Amino acid sequence: MGITKNKQSEESIRRMALAAFPDKQLKMVSELTEGMCNAAYFVQFTDGTGSVLKIAVGDKSGLMTNEINMMKAEVEAMSIVKQNSAVKVAQVQYFDTSKTLCSGEYFFMEAMEGESFFTIKEHMSEEEQKAVHYEIGQAERAVTSIFGEKFGLLGDEEHQFEGLFDFVFYLINNVLSDAEKKEVVIGVEKEEILECLSKYRVVFDQVTEPVLVHWDMWEGNIFIKDGHISGIIDWERALWGEAFMDDRFRRHTRTQEFLKGYGKEELCKEEMDRIYWYDIFLYLTMMIEGAYRQYEDDSQYQWVKPLFEASWEKVRV
(Lines give C-alpha, C1' and ligand atoms only; values in the text may rest on other atoms or scores of the structure.)
Protein backbone atom coordinates (compact mmCIF):
# COMPACT_ATOMS: atom_id res chain seq x y z
CA MET A 1 0.00 0.00 0.00
CA GLY A 2 1.49 3.35 -1.02
CA ILE A 3 1.13 6.72 0.66
CA THR A 4 -0.64 8.21 -2.38
CA LYS A 5 -3.93 6.47 -1.58
CA ASN A 6 -6.12 9.26 -0.22
CA LYS A 7 -8.47 7.11 1.85
CA GLN A 8 -11.64 8.70 3.19
CA SER A 9 -14.07 7.84 5.96
CA GLU A 10 -17.53 6.58 5.12
CA GLU A 11 -18.97 9.87 6.38
CA SER A 12 -16.71 11.83 4.04
CA ILE A 13 -17.73 9.61 1.12
CA ARG A 14 -21.37 10.08 2.09
CA ARG A 15 -20.96 13.85 1.77
CA MET A 16 -19.27 13.50 -1.61
CA ALA A 17 -22.02 11.17 -2.84
CA LEU A 18 -24.72 13.59 -1.67
CA ALA A 19 -23.08 16.41 -3.63
CA ALA A 20 -22.87 14.27 -6.75
CA PHE A 21 -26.26 12.54 -6.44
CA PRO A 22 -28.57 14.75 -4.33
CA ASP A 23 -31.60 12.59 -5.14
CA LYS A 24 -30.03 9.33 -3.96
CA GLN A 25 -29.33 7.77 -0.57
CA LEU A 26 -26.11 5.90 0.12
CA LYS A 27 -26.53 2.26 1.15
CA MET A 28 -23.03 0.78 1.17
CA VAL A 29 -19.38 1.67 0.49
CA SER A 30 -16.63 -0.82 -0.37
CA GLU A 31 -13.01 -0.06 -1.20
CA LEU A 32 -11.56 -1.17 -4.55
CA THR A 33 -8.01 -2.27 -3.85
CA GLU A 34 -6.44 -3.30 -7.19
CA GLY A 35 -5.13 0.17 -8.06
CA MET A 36 -1.69 1.24 -6.81
CA CYS A 37 -1.97 5.04 -6.77
CA ASN A 38 -5.42 6.57 -6.22
CA ALA A 39 -8.04 5.53 -3.69
CA ALA A 40 -11.20 4.09 -5.23
CA TYR A 41 -14.55 2.94 -3.84
CA PHE A 42 -17.74 1.35 -5.09
CA VAL A 43 -20.76 3.13 -3.69
CA GLN A 44 -24.19 1.51 -3.79
CA PHE A 45 -27.44 3.45 -3.39
CA THR A 46 -30.76 2.38 -1.90
CA ASP A 47 -32.41 2.43 -5.34
CA GLY A 48 -30.09 -0.41 -6.45
CA THR A 49 -27.78 1.70 -8.61
CA GLY A 50 -24.07 2.07 -8.00
CA SER A 51 -21.11 4.22 -8.96
CA VAL A 52 -17.32 4.18 -8.68
CA LEU A 53 -15.66 6.99 -6.74
CA LYS A 54 -12.03 7.79 -7.53
CA ILE A 55 -10.04 10.19 -5.32
CA ALA A 56 -6.79 11.92 -6.25
CA VAL A 57 -3.83 12.02 -3.91
CA GLY A 58 -3.72 14.40 -1.00
CA ASP A 59 -0.04 13.91 -0.13
CA LYS A 60 1.87 14.69 -3.32
CA SER A 61 5.20 13.68 -1.81
CA GLY A 62 4.50 10.17 -3.09
CA LEU A 63 4.22 11.33 -6.69
CA MET A 64 6.98 11.27 -9.28
CA THR A 65 7.77 14.17 -11.61
CA ASN A 66 5.83 12.75 -14.57
CA GLU A 67 2.68 12.29 -12.46
CA ILE A 68 1.02 15.63 -13.21
CA ASN A 69 -2.69 16.49 -12.93
CA MET A 70 -3.56 12.84 -13.40
CA MET A 71 -7.21 13.07 -12.46
CA LYS A 72 -7.79 15.87 -14.96
CA ALA A 73 -5.93 13.81 -17.55
CA GLU A 74 -8.09 10.76 -16.86
CA VAL A 75 -11.38 12.61 -17.22
CA GLU A 76 -10.17 14.29 -20.41
CA ALA A 77 -8.86 11.03 -21.90
CA MET A 78 -12.12 9.17 -21.29
CA SER A 79 -14.04 12.00 -22.92
CA ILE A 80 -11.75 11.94 -25.97
CA VAL A 81 -12.04 8.16 -26.33
CA LYS A 82 -15.81 8.20 -25.92
CA GLN A 83 -16.19 10.91 -28.57
CA ASN A 84 -13.75 9.44 -31.09
CA SER A 85 -13.96 5.65 -30.88
CA ALA A 86 -16.12 2.67 -30.00
CA VAL A 87 -13.79 1.61 -27.17
CA LYS A 88 -15.80 1.19 -23.99
CA VAL A 89 -14.91 3.62 -21.21
CA ALA A 90 -16.86 4.75 -18.17
CA GLN A 91 -19.16 7.76 -18.26
CA VAL A 92 -18.00 10.41 -15.79
CA GLN A 93 -21.02 11.36 -13.68
CA TYR A 94 -19.56 14.08 -11.46
CA PHE A 95 -16.14 15.75 -11.20
CA ASP A 96 -15.16 18.01 -8.29
CA THR A 97 -11.88 19.93 -8.39
CA SER A 98 -12.70 22.33 -5.56
CA LYS A 99 -11.15 20.25 -2.72
CA THR A 100 -13.87 21.49 -0.37
CA LEU A 101 -15.25 18.07 0.61
CA CYS A 102 -11.97 16.20 0.24
CA SER A 103 -8.25 16.98 0.23
CA GLY A 104 -7.99 15.73 -3.35
CA GLU A 105 -9.97 16.10 -6.55
CA TYR A 106 -12.46 13.30 -7.10
CA PHE A 107 -14.97 12.03 -9.60
CA PHE A 108 -17.80 9.53 -9.78
CA MET A 109 -18.16 7.33 -12.85
CA GLU A 110 -20.35 4.49 -13.95
CA ALA A 111 -19.15 1.05 -12.88
CA MET A 112 -17.78 -1.16 -15.63
CA GLU A 113 -19.50 -4.49 -16.13
CA GLY A 114 -17.45 -7.65 -15.66
CA GLU A 115 -14.16 -8.30 -13.87
CA SER A 116 -10.57 -7.35 -14.57
CA PHE A 117 -8.67 -9.63 -16.94
CA PHE A 118 -5.94 -9.91 -14.30
CA THR A 119 -8.44 -11.30 -11.79
CA ILE A 120 -10.09 -13.90 -13.99
CA LYS A 121 -7.51 -14.96 -16.58
CA GLU A 122 -6.32 -17.96 -14.54
CA HIS A 123 -9.84 -19.34 -14.85
CA MET A 124 -9.88 -18.92 -18.64
CA SER A 125 -8.64 -21.41 -21.20
CA GLU A 126 -5.61 -20.63 -23.35
CA GLU A 127 -7.85 -20.04 -26.35
CA GLU A 128 -10.10 -17.70 -24.39
CA GLN A 129 -7.08 -15.71 -23.25
CA LYS A 130 -5.77 -15.49 -26.80
CA ALA A 131 -9.14 -14.15 -27.95
CA VAL A 132 -8.99 -11.45 -25.27
CA HIS A 133 -5.44 -10.48 -26.24
CA TYR A 134 -6.62 -10.15 -29.84
CA GLU A 135 -9.45 -7.84 -28.72
CA ILE A 136 -7.01 -5.79 -26.66
CA GLY A 137 -4.96 -5.30 -29.81
CA GLN A 138 -8.07 -4.07 -31.63
CA ALA A 139 -8.85 -1.66 -28.80
CA GLU A 140 -5.25 -0.43 -28.82
CA ARG A 141 -5.50 0.27 -32.54
CA ALA A 142 -8.74 2.19 -32.07
CA VAL A 143 -7.34 4.37 -29.28
CA THR A 144 -4.09 5.06 -31.10
CA SER A 145 -5.99 6.08 -34.22
CA ILE A 146 -6.99 9.28 -32.38
CA PHE A 147 -4.55 12.03 -33.35
CA GLY A 148 -3.38 15.01 -31.34
CA GLU A 149 -1.49 18.20 -32.12
CA LYS A 150 1.66 17.88 -29.99
CA PHE A 151 3.51 15.23 -28.02
CA GLY A 152 3.11 15.32 -24.24
CA LEU A 153 1.26 14.14 -21.15
CA LEU A 154 -2.44 15.03 -21.10
CA GLY A 155 -2.08 16.43 -17.61
CA ASP A 156 1.05 18.49 -18.32
CA GLU A 157 0.00 21.56 -20.28
CA GLU A 158 3.32 23.34 -19.62
CA HIS A 159 5.44 20.74 -21.41
CA GLN A 160 4.19 19.93 -24.89
CA PHE A 161 6.62 19.01 -27.67
CA GLU A 162 6.83 19.31 -31.45
CA GLY A 163 8.91 16.13 -31.71
CA LEU A 164 8.69 12.67 -30.16
CA PHE A 165 12.38 12.52 -29.22
CA ASP A 166 12.17 15.65 -27.05
CA PHE A 167 9.13 14.23 -25.26
CA VAL A 168 10.78 10.87 -24.58
CA PHE A 169 13.99 12.58 -23.42
CA TYR A 170 11.91 14.74 -21.06
CA LEU A 171 10.15 11.68 -19.56
CA ILE A 172 13.30 9.62 -19.06
CA ASN A 173 15.30 12.56 -17.72
CA ASN A 174 12.52 13.21 -15.19
CA VAL A 175 12.44 9.64 -13.94
CA LEU A 176 16.23 9.47 -13.65
CA SER A 177 16.20 12.71 -11.66
CA ASP A 178 13.57 11.13 -9.41
CA ALA A 179 15.92 8.21 -8.87
CA GLU A 180 18.72 10.56 -7.81
CA LYS A 181 16.48 12.33 -5.29
CA LYS A 182 15.65 9.04 -3.53
CA GLU A 183 19.06 7.45 -4.12
CA VAL A 184 17.54 4.51 -6.01
CA VAL A 185 20.26 2.30 -7.49
CA ILE A 186 19.76 1.92 -11.25
CA GLY A 187 23.10 0.32 -12.05
CA VAL A 188 23.78 2.76 -14.90
CA GLU A 189 24.71 6.42 -14.58
CA LYS A 190 22.07 8.96 -15.58
CA GLU A 191 24.45 10.70 -18.00
CA GLU A 192 25.24 7.43 -19.77
CA ILE A 193 21.56 6.64 -20.32
CA LEU A 194 20.74 10.13 -21.64
CA GLU A 195 23.82 10.24 -23.86
CA CYS A 196 22.89 6.88 -25.33
CA LEU A 197 19.28 7.99 -25.84
CA SER A 198 20.47 11.08 -27.74
CA LYS A 199 22.15 8.83 -30.31
CA TYR A 200 18.70 7.47 -31.24
CA ARG A 201 17.14 10.84 -32.10
CA VAL A 202 16.84 9.98 -35.80
CA VAL A 203 14.85 6.85 -34.92
CA PHE A 204 12.31 8.86 -32.94
CA ASP A 205 12.17 11.56 -35.62
CA GLN A 206 10.56 9.00 -37.93
CA VAL A 207 7.35 9.44 -35.89
CA THR A 208 5.73 12.76 -36.77
CA GLU A 209 2.09 12.46 -35.66
CA PRO A 210 1.15 12.16 -31.96
CA VAL A 211 -1.61 9.70 -31.11
CA LEU A 212 -3.54 9.02 -27.92
CA VAL A 213 -1.89 6.38 -25.72
CA HIS A 214 -3.35 4.87 -22.55
CA TRP A 215 0.20 3.89 -21.44
CA ASP A 216 -0.95 1.69 -18.54
CA MET A 217 -3.24 -0.82 -20.27
CA TRP A 218 -2.14 -3.72 -18.10
CA GLU A 219 -4.52 -6.61 -17.42
CA GLY A 220 -5.89 -5.07 -14.23
CA ASN A 221 -7.22 -2.12 -16.22
CA ILE A 222 -9.08 -4.24 -18.78
CA PHE A 223 -12.53 -5.49 -17.81
CA ILE A 224 -13.95 -8.70 -19.25
CA LYS A 225 -17.55 -9.92 -19.44
CA ASP A 226 -18.62 -13.13 -21.18
CA GLY A 227 -15.16 -13.52 -22.69
CA HIS A 228 -15.03 -10.05 -24.27
CA ILE A 229 -13.72 -6.63 -23.30
CA SER A 230 -16.43 -4.73 -21.45
CA GLY A 231 -14.37 -1.65 -20.61
CA ILE A 232 -10.95 -0.07 -20.08
CA ILE A 233 -10.23 1.96 -16.94
CA ASP A 234 -7.46 4.10 -15.35
CA TRP A 235 -6.65 6.63 -18.06
CA GLU A 236 -4.79 8.93 -15.67
CA ARG A 237 -1.41 8.45 -17.38
CA ALA A 238 -2.72 9.02 -20.89
CA LEU A 239 -0.43 10.88 -23.25
CA TRP A 240 0.02 12.04 -26.81
CA GLY A 241 2.85 9.90 -28.14
CA GLU A 242 3.48 6.78 -30.19
CA ALA A 243 1.29 3.69 -29.93
CA PHE A 244 4.27 1.51 -28.95
CA MET A 245 4.58 3.46 -25.68
CA ASP A 246 1.65 1.53 -24.18
CA ASP A 247 2.16 -1.25 -21.64
CA ARG A 248 0.88 -3.91 -24.06
CA PHE A 249 4.03 -3.52 -26.19
CA ARG A 250 6.46 -4.15 -23.30
CA ARG A 251 8.71 -7.19 -23.37
CA HIS A 252 6.89 -8.85 -20.46
CA THR A 253 3.38 -8.32 -21.84
CA ARG A 254 3.57 -8.37 -25.66
CA THR A 255 1.86 -11.35 -27.26
CA GLN A 256 1.48 -12.40 -30.88
CA GLU A 257 -2.30 -12.42 -30.50
CA PHE A 258 -2.22 -8.81 -29.33
CA LEU A 259 -0.03 -7.78 -32.27
CA LYS A 260 -2.36 -9.60 -34.64
CA GLY A 261 -5.36 -7.75 -33.22
CA TYR A 262 -3.45 -4.48 -33.43
CA GLY A 263 -2.72 -5.21 -37.08
CA LYS A 264 1.08 -5.32 -36.94
CA GLU A 265 2.61 -8.73 -36.40
CA GLU A 266 6.15 -7.79 -37.45
CA LEU A 267 8.22 -4.89 -36.14
CA CYS A 268 11.20 -3.43 -38.00
CA LYS A 269 14.55 -2.60 -36.37
CA GLU A 270 13.76 1.11 -35.91
CA GLU A 271 10.42 0.29 -34.30
CA MET A 272 12.09 -2.20 -31.97
CA ASP A 273 14.73 0.38 -31.05
CA ARG A 274 11.98 2.74 -29.90
CA ILE A 275 10.18 -0.09 -28.13
CA TYR A 276 13.33 -0.91 -26.13
CA TRP A 277 13.48 2.72 -24.98
CA TYR A 278 9.80 2.63 -23.99
CA ASP A 279 10.64 -0.57 -22.07
CA ILE A 280 13.39 1.32 -20.29
CA PHE A 281 11.07 4.19 -19.39
CA LEU A 282 8.44 1.89 -17.86
CA TYR A 283 10.95 -0.28 -16.03
CA LEU A 284 12.78 2.72 -14.61
CA THR A 285 9.44 4.12 -13.43
CA MET A 286 8.55 0.83 -11.73
CA MET A 287 12.00 0.52 -10.13
CA ILE A 288 11.77 3.99 -8.67
CA GLU A 289 8.13 4.46 -7.71
CA GLY A 290 8.36 2.23 -4.66
CA ALA A 291 10.69 4.74 -3.01
CA TYR A 292 8.05 7.44 -3.51
CA ARG A 293 5.00 5.32 -2.66
CA GLN A 294 6.81 3.83 0.35
CA TYR A 295 5.88 0.26 -0.50
CA GLU A 296 6.32 -2.26 2.29
CA ASP A 297 9.08 -4.14 0.46
CA ASP A 298 11.23 -3.92 -2.69
CA SER A 299 9.71 -6.92 -4.49
CA GLN A 300 8.61 -4.79 -7.46
CA TYR A 301 12.12 -3.33 -7.79
CA GLN A 302 13.69 -6.78 -7.65
CA TRP A 303 11.25 -8.16 -10.23
CA VAL A 304 11.62 -5.34 -12.75
CA LYS A 305 15.37 -4.62 -12.55
CA PRO A 306 16.35 -7.61 -14.75
CA LEU A 307 13.76 -6.48 -17.32
CA PHE A 308 15.36 -3.03 -17.38
CA GLU A 309 18.83 -4.55 -17.75
CA ALA A 310 17.72 -6.75 -20.67
CA SER A 311 16.27 -3.79 -22.58
CA TRP A 312 19.28 -1.60 -21.76
CA GLU A 313 21.57 -4.22 -23.28
CA LYS A 314 19.61 -3.92 -26.53
CA VAL A 315 20.20 -0.18 -26.93
CA ARG A 316 23.51 0.62 -25.27
CA VAL A 317 26.10 1.74 -27.82
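Modeller: A definition comes first: two strands pair if DSSP finds at least two bridges between them, and strands (E, at least two residues) and helices (H or I, at least four) are DSSP runs, numbered from the N terminus. This is a predicted model, in which local features need pLDDT of at least 70 and side-chain atom pairs count only at pLDDT 80 or more, while totals for chains, interfaces and linings use all residues. Residues are numbered from 1 along each chain as its sequence is written, and side-chain values use heavy atoms, with hydrogens and water left out.

Colleague: Okay, how many bridges join β9 to β10?

Modeller: Four bridges join them, and the two strands run antiparallel. Ile224 stands opposite Ile229 in β10, and Ile222 stands opposite Ile232 in β10. The two strands form a hairpin with two residues between them, and Asp226 in the turn has a positive phi of about 55 degrees.

Colleague: And what order do the strands have in the open sheet with β6?

Modeller: The order is β6-β9-β10, three strands with antiparallel pairing. β6 (115-116) and β10 stand at the edges with a single partner strand each, so one side of each has no neighbour in the sheet.

Colleague: Is β10 mostly covered or mostly uncovered, then?

Modeller: β10 is mostly covered, since four of its five residues are buried, where buried means under 20% relative accessible area, exposed means over 50% and partly exposed lies in between (1.4 Å probe, protein chains only).

Colleague: Which helix lies across β9 and β10?

Modeller: That is α4, which runs at about 45 degrees to β10; axes here are lines fitted to C-alpha atoms, for helices over the stretch in contact, and angles run from 0 to 180 degrees between N-to-C directions. Helix α4 covers residues 126-143, and its buried residues include Val132, His133, Ile136 and Val143. The buried residues of α4 pack against α3 (117-120), β8, β9 (222-225), β10 (228-232) and α8 (256-262), with contact meaning heavy atoms within 4.5 Å.

Colleague: Switching topic, at what angle do α5 and α6 cross?

Modeller: The axes of α5 (residues 164-182) and α6 (residues 190-198) cross at roughly 175 degrees and come within 10 Å. That makes α5 roughly antiparallel to α6, because angles over 145 degrees count as roughly antiparallel, under 35 as roughly parallel, 65 to 115 as roughly perpendicular and the rest as oblique.

Colleague: Which residues meet there?

Modeller: Among them are Phe165, Val168, Phe169 and Ile172 in α5, which has its contact with a group in α6 that includes Ile193, Leu194 and Leu197.

Colleague: What about the other open sheet, the one with β7?

Modeller: That sheet has three strands in the order β7-β11-β8, with antiparallel pairing, and its edge strands are β7 (152-153) and β8 (211-213), each pairing on one side only. Two bridges join β7 to β11 (residues 239-241), and Leu153 stands opposite Leu239 in β11.

Colleague: Last one: where does Ala19 lie, and what does Ala19 touch?

Modeller: Ala19 lies in helix α1 (residues 10-20) and is partly exposed, with a relative accessible area of 31%. Not counting residues up to four places away in sequence, Ala19 touches Tyr94, Leu101 and Tyr106. The C-alpha atoms of Ala19 and Leu101 are separated by 9.1 Å, although the two residues are 82 residues apart along the chain.

How values were computed: Expected span 1.5 Å × (residues − 1).
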